Amino acid sequence: MPNGYWIARIAVTDPDRYGSYAKALPAVVERFGGCFLVAGGRYEAAEGEAKPRNVVIAFHDYETARACWRSEEYAAVARLREGAAVVEVVIVEGVDL
């Protein structure tokens with residue numbers, strides 16, 4: 001079964017508030033069996049406009065990735081970043097390798 005992924009592109013506007021979100025997020029992701037593959041780091045805009053922070057989180061499958069995003073636990077954590085960042089997130093299904 002293919003993995004599911006959260007792919008996020010982020011421009012942080014309030015580092016202190018965003019920092020609270022970033023500290024709380026791993027516990028929720030772990031409860032759903034998720035694993036951070038990318039969390040910041042160097043980047044290059046090879047084509048198009050890039051945001052300065054990029055995050056990729058892998059889950060066992062697409063449905064689990066969706067369930068985590070829609071969970072009450074994540075909703076509580078997501079409120080910590082309200083007004084602290086401009087965020088784009090897609091939930092995608094990977095391929096079997």
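Trainee: Which residue in β3 stands opposite Tyr 5?

Mentor: That's Ala 58. Strands (E, at least two residues) and helices (H or I, at least four residues) are DSSP runs here, numbered from the N terminus. Bear in mind that this is a predicted model, where local features need pLDDT of at least 70, side-chain atom pairs count only at pLDDT 80 or more, and totals for chains, interfaces and linings use all residues. Residues are numbered from 1 along each chain as its sequence is written, and side-chain values use heavy atoms, with hydrogens and water left out.

Trainee: OK, and how many bridges pair β1 with β3?

Mentor: 7, in the antiparallel sense. Two strands count as paired if DSSP finds at least two bridges between them. Ile 10 belongs to this picture too, standing opposite Arg 53 in β3.

Trainee: What about β2, how many bridges join it to β3?

Mentor: There are 4, and these two strands also run antiparallel. Val 38, for instance, has Val 56 in β3 as its bridge partner.

Trainee: So what's the order of the whole sheet?

Mentor: It's β2-β3-β1-β4, an open sheet of 4 strands with antiparallel pairing. β2 (35-39) and β4 each have a single partner strand, so they stand at the edges and one side of each lacks a neighbour in the sheet. On average, neighbouring strands are turned by 15° against each other, direction ignored. The axes behind such angles are lines fitted to C-alpha atoms, for helices over the stretch in contact, and angles run from 0 to 180 degrees between N-to-C directions.

Trainee: Which strands does helix α2 touch?

Mentor: Helix α2 (residues 62-69) packs on the sheet and touches β1, β3 and β4. Contact means heavy atoms within 4.5 Å. The direction of α2 makes about 150° with that of β4.

Trainee: Why is β3 called largely enclosed?

Mentor: Because 5 of its 7 residues are buried. Buried means under 20% relative accessible area, exposed is over 50%, and partly exposed is in between (1.4 Å probe, protein chains only).

Trainee: New topic: is Ala 85 buried or exposed?

Mentor: Buried, because its relative accessibility is 17%. You'll find Ala 85 in strand β4.

Trainee: Which residues is Ala 85 in contact with, leaving aside its neighbours within four places in sequence?

Mentor: Ile 10, Ala 11, Val 12, Thr 13 and Tyr 18.

Trainee: And how many Å separate the C-alpha atoms of Ala 85 and Arg 53?

Mentor: 10 Å, with the two residues 32 apart along the chain.
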